[in-house]
Amino acid sequence: MSDAQQQTQQKHRLYGRAAGKPLSKRQQALVDDLLPKLAIPEAGQGELFPAVLFSAATQGVWLEIGFGGGEHLAGQAARHPQTAFVGAEPFVDGVAKLLTAIDEQGLSNIRLRRGDARDLVSTFTDASIDRAFILFPDPRPKTRHRKRRLVQPDFVA
């Protein structure tokens with residue numbers, strides 16, 4: 001592995017766990033069946049304009065990074081049905097919880113990426129997001145944890 005590849009891998013390292021307790025049968029079924037329908041494809045060649053992920057015309061695209069259990073994202077999607085919502089979360093339990101809300105509420109204006117939001121955002125075309133939510137951006141106040149923080153000049157740019 002080259003030095004550049006190692007730096008990129010370290011730069012995009014996720015800290016913490018990606019899964020908790022085993023999912024219930026219903027949650028696992030939603031992850032297996034519903035998530036592939038709502039999942040944003042992995043980056044290929046070129047850039048991604050998020051609005052093309054939705055079949056209906058939208059009044060803007062809003063992004064939520066690290067949506068946790070998805071309560072905020074599901075609430076916003078229900079209140080703004082004409083807005084397209086993109087969510088990114090590495091923790092499978094949170095994704096499963098949001099999938100449950102999407103299924104129960106019949107929300108059709110959400111697309112998801114299970115994984116690192118930095119990789120997703122890097123594929124978006126410039127000025128393609130109208131609003132972004134990062135509800136808990138800096139849970140690590142110690143200086144030595146600076147490298148783990150999402151909100152940094154390079155990412156914001």
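Trainee: How many aromatic pairs does a search of the whole structure find?

Mentor: A pair of aromatic rings is described by the distance of the centres and the angle of the planes. Rings of Phe, Tyr and Trp (its six-membered ring) pair if their centres lie within 6.5 Å; planes under 30 degrees apart are stacked, over 60 edge-to-face, and the rest tilted. Here the search of the whole structure gives two pairs. In one of them, Trp-62 and Phe-85 have ring centres 5.3 Å apart and planes at 80 degrees, so this pair is edge-to-face. The model is predicted: local features need pLDDT of at least 70, side-chain atom pairs count only at pLDDT 80 or more, and totals for chains, interfaces and linings use all residues. Residues are numbered from 1 along each chain as its sequence is written, and side-chain values use heavy atoms, leaving out hydrogens and water.

Trainee: Are Trp-62 and Phe-85 buried or exposed?

Mentor: Buried means under 20% relative accessible area, exposed over 50%, partly exposed in between (1.4 Å probe, protein chains only). Both Trp-62 and Phe-85 are buried. Ring pairs also join Trp-62, Phe-85 and Phe-133 into a cluster.

Trainee: Which residue lies over the face of Trp-62?

Mentor: A charge sits over a ring if NZ of Lys or CZ of Arg is within 6 Å of the ring centre and within 35 degrees of the ring normal. Arg-131 lies over the face of Trp-62, 4.1 Å from the ring centre.
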